[in-house]
Amino acid sequence: MWENIKDFASTFFVTGDPLIYGADVSIVLTIIAILFVLTKYKKWGWLWREWLTTVDHKRIGIMYLIASLLMLFRGGVDALLMRVQLAFPNVEFLHSDHYNAIFTTHGTIMILFMAMPMMFALFNMVVPLQLGARDVAYPFLNALSFWLFMLGAMLFNLSFVIGGSPDAGWLSYPPLSQNEFSPGPGQNFYIWGIQISGIGSLATGINFIVTILKMRAPGMKLSKMPLFSWSVLSSCIMIIFAFPILTVTLALLFLDRFAGAHFFTMDGGGNPMMYLNLIWMWGHPEVYIVVVPAFGIFSEIVATFSRKKIFGYKSMVWAMMIIAVVSFFTWAHHFFTMGTSASVIAFFAISTMIVGIPTGVKVFNWLFTMYRGRISFKQPMLWTIAFIPCFVIGGATGVMLAVAPADYQYHNSYFLVAHFHQVLIGGVVFGYLAGIYYWWPKLFGFKLDEKLGKWGFWFWNIGFYVCFMPQYALGFMGMTRRYYTYGWDRGWADLNLVSTVGAFMMGIGFIFQVWQIAYSIKHGERDTTGDPWNGRTLEWSIPSPAPFYNFAVVPQVKELDDWWETKEAKANGTYKEQPAKLEPIHMPKNSGIPFIMSNFWFLVGFGFTFGWVWMAVIGFIGVFACMWARSFQYDTDYYVPVEEVRRTEASLGRVV
Amino acid sequence: MAQHQNHGGHHSHGSMKEYVIGFILSIVLTIIPLVLVMNPILSKTATVISILVMAVLQFVIQLVFFMHIREGEKPRYNVQTLILGLVIVFTIVAGSLWIMLFNKY
């Protein structure tokens, strides 16, 4: 009996690496600390009522934000471990298997569990406020999306201490990801972690499309909708068309592994290249899914901090919509070297260059907006200005990669690694950070400290170039990605060391930002006006932090940048005060079902990961029971009485 | 929510009968290809073609019976998204064939 348990534990838990044991200890200590604090201060009820069951889009946004920052930390630590390993030739810090696991989890976490939730955090925090709505179209589904993401992410991260991490690259290409080469549970963690959170992403896509099309304040025609909401619409259109492809592809891979099917195997009529073909049909739109909202954020910030209307609003909208469609026609450039007909390569090379054009249009629009504007260099604007040169270089190297014959040289070299980090950090991360700085006061009621933020900003920025510019050169010098070590004779040592220094500078930048948040909670400048940046769109017309029903009175929209025009009219004395009439506000009730159902999904994933079908069956029964329970729940909403609205507004310093 | 009150719960989202018909048809269309593959009675080309036909029919049934493509206040939205969806489905299928078949021979 004892032998059996010991046997099981030695394969179930990851053993043999001091780094992992250290992580085990810190995880256990953190969990104990959290349980202790919750119990000591009697916060369990609070946690359940206010957070775990909430359907409020702002709180869901905050939870997405916290989760994504944690994942940024995890993915960042992975990155630093890799850079330590590569800092000098012949380092024996990580052995090759461990290195493989780390670059795999770094990539998967940064895209799917850091960028996606940070994007959803911004969707949730901003879109309903910007549209003048009280919540998203389907608040219950929104909570479900969050918890599915969260439990999927936790399942994926668990692989690190239980069962072993996936180690077949961030897209898990077969044949390496098939049973014969990756027998353990690692790949199953990958498949189920992504599948479960993928359902959530798809639901969020649907939710926000409906919100944008159906829930805009009266008078806000699509042609008067703020650009960030447009970018969300573009991104969500891509989500609903791209994510099903990912789900199906991973399901087929799972059938190969679990049921012995032959979709992507080497024998039995399977074709591993088909997996690449399918996964990149999702993978390429995916990078536009995450970057287009960043474009929307920059459009809002540039207009606000230049005190000007955005230049070329219509061309911005068209550019984003064109990107949403054209991004589906470029996927094969990820595997030019697979070898296919010349016409295929020509088609995809040209479509890749075409998709760069709308992005170029947007860059010029931002520059023209700034031209002759009164620019104030607050934190959101700093990140925006840093983004432009960074993304332009990243875009230019992207077009270099699109030149198919040259791609045979660049393919899977550090040139490629530097390119996609430049567009993903310079575009996505800078964009989301800019957005977080910009909208932070609206969610939390205080600004993030400027001074610490600037330290963080410069460390990130300088660190970025120090880290990734050498990697372009290393690519030309023949260093391919996923090397876990190299010899002195290669001549790569100096540039790799420089790159590692840069990576640590970005890490220091991140520490400054965490410090900045902690510092600002106590000392940050309070936002008493609700409009700390002299903003242009509706979210700045309500108090900060926004009350749970958002708008006491649903606004009537007349112009693009309606709040700006209202302020102008007030200043000119041409503003006609309309008597505000408070009405009871219709709101959704909280529900515990999303949280419970996602936990059952976790059981499904965990069961299939270890091949314990009984556990998966229990999970599925639970999932269906939750759906059943929800189907017959009729009491899902309530009205906030006028008196309560008046009291809440008065407590926030507003008289209605 | 104020916007919600205007259109809460008055739409008919299909009747029980419609759902049952759709359900049965989609099951039948799933079983036929399965049977054709398990008991190869047709030639290979004929099997492939019949599976494709079943797939297209399945697609139509999902749209009509479950997605309610014929209903809605603004069918224009439905048509627009349907066209985009078809373009993307076409891209996925035709694009995969175009790229992958080159290596088959």
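This is a predicted model: local features need pLDDT of at least 70, side-chain atom pairs count only at pLDDT 80 or more; totals for chains, interfaces and linings use all residues.
Take a look at its backbone: K42(A) is not a glycine, yet its phi is positive, at about 50°. For context, most residues other than glycine have a negative phi, and most peptide bonds are trans.

## Two cis peptide bonds

One joins P174(A) and P175(A), with omega at about 5°. To find P175(A), go to the loop between α6 (139–158) and α7 of chain A.

Another cis peptide bond links S544(A) to P545(A), and here omega is about -15°. P545(A) has its place in the loop that runs between α16 (493–523) and α17 (562–572) of chain A.

## Where chain A meets chain B

Now for the interface. On the chain A side, 37 residues are in contact with 22 residues of chain B. Together the two chains bury about 2,400 Å², and carbon and sulfur atoms give 71% of that. Three residues stand out here: M215(A), F241(A) and H586(A) supply 19% of the area chain A buries against chain B, more than any other three residues.

Polar contacts do turn up, in two residue pairs, both at pLDDT 80 or more.

Which elements of chain A build its side of the interface? At least two residues each come from α7 (186–214), α8 (227–259), α9 (272–306), α11 (342–370) and β1 (585–588). Of these, α9(A) gives the most, with five residues. Sorted by class, the side of chain A that touches chain B has 25 nonpolar residues, eight polar ones and four charged ones.

## Aromatic rings

One aromatic cluster in chain A includes W48(A), Y64(A), F113(A), F120(A), W147(A), Y190(A), F208(A) and F595(A). Also among its members are F123(A), F146(A), F149(A) and F156(A).

## Charges over rings

Two spots in chain A put a charged side chain over an aromatic ring. R536(A) lies over the face of W564(A), 4.5 Å from the ring centre. Over at Y575(A), the charged end of K570(A) sits above the ring, at 5.1 Å from its centre.

Technical notes. Residues are numbered from 1 along each chain as its sequence is written. Chains are lettered from A and ligands numbered from 1 in the order in which they are written. Side-chain values use heavy atoms; hydrogens and water are left out. Contact means heavy atoms within 4.5 Å. Buried area is the accessible area (1.4 Å probe) that two parts lose on being put together, summed over both. A polar contact is a pair of N or O atoms within 3.5 Å; within protein, one must be able to donate a hydrogen and the other to accept it, and residues adjacent in sequence count only if both atoms are side-chain atoms. Helices (H or I, at least four residues) and strands (E, at least two) are DSSP runs, numbered from the N terminus. Ala, Val, Leu, Ile, Met, Phe, Trp, Tyr, Cys and Pro count as nonpolar, Asp, Glu, Lys and Arg as charged, and the others, Gly among them, as polar. Rings of Phe, Tyr and Trp (its six-membered ring) pair if their centres lie within 6.5 Å; planes under 30 degrees apart count as stacked, over 60 as edge-to-face and the rest as tilted. A charge sits over a ring if NZ of Lys or CZ of Arg is within 6 Å of the ring centre and within 35 degrees of the ring normal.
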